[in-house]
Amino acid sequence: MIHFLQVYGMQLIDKTGQHLYISAAALLLGIVVAVPLGILLTRMKHGANAVITLAGVLQTIPAMALLAMMIPIFGIGSTPAIVALFIYSLLPILRNTYLGMEGVSPAVRDAAKGMGMTWWQSMIRAEIPLAAPVIMSGIRLSATYVIAWATLASYIGAGGLGDFIFNGLNLYRSDLILGGSIPVILLALLVDYLLGKLENTVTPRQLR
Amino acid sequence: MLLSMEHLRKEYPNGKIAVDDFNLEVDRGEFISFIGTSGSGKTTTMRMINRMLHQTSGTIKIDGKDISKMDPVKLRRSIGYVIQNIGLMPHMTIQENIEIVPKLLGWSKEKRAEQAKKMIDLAQLPAEMLNRYPGELSGGQQQRIGVVRALAADQEIILMDEPFGALDPITRESLQDLVKHLQEDLGKTFIFVTHDMDEALHLSTRVVIMSHGKQVQVDTPENILRHPADEFVTNLIGEERLIRAQPNILSVSQIMLKNPAAITPDKTLDDAIDLMHDRRVDTLLVTDADGVLQGYVDLDDINRITDATTPVSRFTNKEVFYVQANALIGDTVDRILKQGVKNVPVVDAKKHLVGIVTRTALVDIVYDALRGAPANDEQPASPINADIHAAATHEGGESSQ
């Protein structure tokens, strides 16, 4: 173990950094797209099911296939990986945002509007804070998925901890396989823990 | 006129007419209840006032200004709004909840905090509660906050949509007292939607009874109890309630006998005895030449006097119990019954004798009110009912003073 770190330590830090970068970029994109889209869906009752079903279908595409499909469009490197992982992150965030917003009591919405809040104020001050715990748990779920699947991104030249694993597989070197897998697991657990903390923070005291 | 609604009509795209030709003028400080069966359009009408719904045609004016030409957001901030499901923000403290509209209006932090303190006092809740969350309060306390929150930005008109429907009877009563206080002492104007007739009659200055989108009757609670417009209103109020309400809507003048046996103090003992004989009574009321009540003479007292020329004034009993003609029976019945006298003279504001109430008439009313039905079902025109109608036709003007 110490020997492994002595040899691959610097590389490990480098790959972990790449892994985090790909995952974070994909997740951020996912949040930026899926949260507003989820909110929008609650306002248009008819389209909601179709959009969520579509996101569900995208989710069922095998990860390898999706990554491969990105190559003709974006070439190789981190960009196609980020786009593919972004597509994967959409569904949990989208669905939870939709459910969270739908779960806000109509009385709260009615009261907010009746007191003279604009649509925007009602969103920011009442509805999003109340839906935040559910939205956050969707983000958390997406985060762990994305970190796990980012391993495969190595296959299309995006780097990350997957490089260790694939090298290990090719060379029959179990130390490389473990040296890649364990950090991925630790990373996923750590991010899940931190986002759990954040979820707790955004949950209104009274709803915990 | 604070609020006026003219020819309001609300028609849904599916052709259902929710409100049809609704007209109402509301003065400052009034307490208006909208009551009716579900689907009668009462909530729809109320929600048009703060433009939560938009009428198909007709106009609503506040202080003479057509609200359809106002910014709906600004309009809503100027009108208090209380809903049945309370509508407190569960993620905000009580203080933040109270401060919502003042904050939207851009009040300073200090002014808002001061107002929150004032409002929680008004709700008769301890100031410590400002830091609590709605979930930590009982349903009744939450709705108290809901009510005062609607006043936090000095709104003049408060809309309430069945605000106390989900509360238990005791809590509901204390909240009714709170809103009554806000209306009577702070001069707030309430538009109150309810399906509870007792609540409407107890709180309102005027009640609007609605059915299938139309106004059936708009009047004071007293007048509605006295003259229900039609069978629908009678059924809505309930036979029981109409009878029970009698002590509270009938005034003494409506059940009194007029032209009581009376004598002036300058008459003699002989005159008094003659009058008693003629009228077949054992008591005479004594009034001066202007008809002002002085006292009474009783047969027992007269028996002890031998000189037939003694003036009445010598044996007038000055300690006489009397009631005001315009007093409600419900308010005076206890006092009358406790006195244990057979008859009570009735006087007007200047103490002129106008009539007499017999204990029998009074007991009949009380008995009916307790029992909840006329003593004799076969005769709907019982003496009491006859009195109500007589009073209504002959003394309508007088009793409304």
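In this predicted model, 17 residues of chain A are in contact with 19 residues of chain B, where contact means that the C-beta atoms of two residues, placed from the backbone, lie within 7 Å. The elements that give two or more residues to the side of chain A that touches chain B are α5 (106-114) and α6 (119-149) of chain A, and α5(A) gives the most, with 6 residues. Helices (H or I, at least four residues) and strands (E, at least two) are DSSP runs, numbered from the N terminus. By class, that side of chain A has 10 nonpolar, 4 polar and 3 charged residues, counting Ala, Val, Leu, Ile, Met, Phe, Trp, Tyr, Cys and Pro as nonpolar, Asp, Glu, Lys and Arg as charged, and the others, Gly among them, as polar.

**Numbering and confidence**
- Residues are numbered from 1 along each chain as its sequence is written, while chains are lettered from A and ligands numbered from 1 in the order in which they are written.
- Because the model is predicted, local features need pLDDT of at least 70 and side-chain atom pairs count only at pLDDT 80 or more, whereas totals for chains, interfaces and linings use all residues.
- The model scores ipTM 0.77 and pTM 0.69.
- The mean pLDDT (the predictor's confidence in each residue, from 0 to 100) of chain B is 83, and 92% of its residues reach 70 or more.
- Over residues 375-401 of chain B the pLDDT is below 50, although this stretch has 27 contacts in the model beyond near neighbours in sequence.
- Where pLDDT is low, the predicted coordinates should not be read in detail.

**Chain B and its helix α1**
- Chain B holds 18 helices and 17 strands, and 38% of its 401 residues count as buried, that is, with 20 or more other C-beta atoms, placed from the backbone, within 10 Å of their own.
- Helix α1(B), residues 42-49, has 7 of its 8 residues buried, so it is largely enclosed by the rest of the structure; among the buried ones are Lys42(B), Met46(B) and Ile49(B).
- Just after α1(B), Arg51(B) takes a positive phi of about 60°.

**An open sheet in chain B**
- Four strands form an open sheet in the order β2-β1-β4-β5 (chain B), with antiparallel pairing, where two strands pair if DSSP finds at least two bridges between them.
- Because β2 (17-26) and β5 (65-66) of chain B each have a single partner strand, they stand at the edges, and one side of each is left without a neighbour in the sheet.
- Strand β1(B), residues 3-11, is joined to β2(B) by 6 bridges, and Leu8(B) stands opposite Phe22(B) in β2(B).

Conventions:
Buried ≥ 20, exposed ≤ 12 C-beta atoms within 10 Å, placed from the backbone.
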